Amino acid sequence: HYLQEPRTGDPGSTSGIELMLLLCAAYVFVCAFRSFLPRADVQRICLFDTWLSSVMVGRSVATVAEICFVAQWAIVLHQLGTTAGADTTLNAAWVIVPLILIAECFSWHAVLTRNYLCHAIENSIWAVAFFIVAVGLCRLLPEFHGAVRVVLVIAIAGIAGYLAFLATIDVPMYLTRWRAEVASGG
């Protein structure tokens with residue numbers, strides 16, 4: 001009901017739900033785009049050899065999607081932190097977007113220079129950002145009950161799984177590739 005109420009202020013402004021839908025649409029579009037034109041940017045491998053499969057296009061759309069994704073997390077954390085009066089959650093909301101912007105810089109550097117160490121750093125920054133998200137969500141657990149608490153617990157468990165994947169598979173894989181490149185004179 002709250003989301004259906006008319007907003008006051010500038011008639012051209014975008015309400016919070018419209019912004020979330022726009023961010024979600026961009027993220028979903030890029031995911032669809034990347035599933036139809038899969039590629040491995042550092043290795044310069046693509047399934048279809050078109051201009052849409054270029055490294056610049058692929059990394060550009062991925063950057064947009066990743067920023068949209070983390071912006072959605074920031075909005076949700078900010079809204080929940082404001083509702084609960086949880087400064088820890090509000091601080092998490094403010095920190096994660098700048099962290100991911102830094103991670104994107106490392107991703108671009110990795111793709112342009114073919115340096116796997118930068119991918120390891122990028123994904124380590126993602127791990128830090130989502131550890132911070134998890135801390136913010138944990139802070140909310142005492143404030144919410146029922147379905148909201150169940151969703152918080154599921155999100156925290158999902159983040160824990162993501163962090164385990166990054167720490168045990170993803171970052172070590174990039175470090176192994178980087179070491180192999182260095183050993184071969186790259």
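In this predicted model, the largest nonpolar core holds 27 residues, and the members that touch the most others are I96, F130, V133, L137 and I159. Four helices, α2, α3, α4 and α5, each supply at least two residues of this core. The greatest share comes from α4, which gives nine residues.

The C-alpha trace spans about 60 × 35 × 25 Å along its principal axes. Of the 186 residues in the protein chain, 35% count as buried.

The packing of the helices comes next. Two packed helices are described by the angle between their axes and by the distance between those axes. For α2 and α3, the axes come within 8 Å and cross at roughly 170 degrees. An angle over 145 degrees counts as roughly antiparallel, so α2 is roughly antiparallel to α3. The residues in the contact of α2 with α3 divide into 19 nonpolar, seven polar and three charged.

A second pair continues the picture. The axes of α3 and α4 lie 8 Å apart, and these helices pack at an angle of about 170 degrees. That angle makes α3 roughly antiparallel to α4. In the contact of α3 with α4, the residues comprise 20 nonpolar, six polar and three charged.

Charged side chains also take part in the structure. Side chains of opposite charge can pair when their charged atoms come close. The count of salt bridges here is three. R59 forms one of them with E66, where the closest N and O atoms are 3.0 Å apart. What is the accessibility of R59, and does it count as buried or exposed? R59 counts as buried because its relative accessibility is 5%, under the 20% cut-off. E66 is buried too, with a relative accessible area of 16%.

R59 has a further partner in E104, and their side chains meet in a salt bridge with an N to O distance of 2.9 Å. This pair links distant parts of the chain, with R59 in helix α2 (residues 55-84) and E104 in helix α3 (residues 87-113), 45 residues apart. Both R59 and E104 are buried.

The remaining pair to describe is E143 with R139, whose side chains meet in a salt bridge at 2.9 Å, N to O. E143 is partly exposed, at a relative accessible area of 37%, and R139 is also partly exposed, at 27%. Through salt bridges that share partners, R59, E66 and E104 are joined into one network.

A disulfide is a covalent bond between the sulfur atoms of two cysteines. How many disulfides does a search of the whole structure find? The search finds zero. For C118, the closest cysteine sulfur is that of C105, and the distance of 11 Å is too far for a bond, given that a disulfide requires sulfur atoms within 2.5 Å. C118 is buried, with a relative accessible area of 7%, whereas C138 is partly exposed, with a relative accessible area of 38%.

Two individual residues complete the description. P98 is found in helix α3 and is partly exposed, with a relative accessible area of 41%. The C-alpha atoms of P98 and C31 are separated by 22 Å, and these residues are 67 residues apart along the chain.

The other residue, R114, is found in the loop between α3 and α4. Most residues other than glycine have a negative phi. R114 has a positive phi of about 60 degrees although it is not a glycine. The relative accessible area of R114 is 46%, so this residue counts as partly exposed.

How values were computed: Residues numbered from 1 in each chain as written. Predicted model: local features only at pLDDT ≥ 70, side-chain atom pairs only at ≥ 80, totals over all residues. Heavy atoms only, no water. Salt bridge = Lys/Arg side-chain N within 4 Å of Asp/Glu carboxyl O. Buried < 20%, exposed > 50% of the residue type's maximum accessible area, 1.4 Å probe, protein only. Axes fitted to C-alpha atoms, helices over the stretch in contact; angles between N-to-C directions. Parallel < 35°, antiparallel > 145°, perpendicular 65-115°, else oblique. Nonpolar A, V, L, I, M, F, W, Y, C, P; charged D, E, K, R; others polar. Core = buried A, V, L, I, M, F, W, Y, C linked by side-chain atoms within 4.5 Å.
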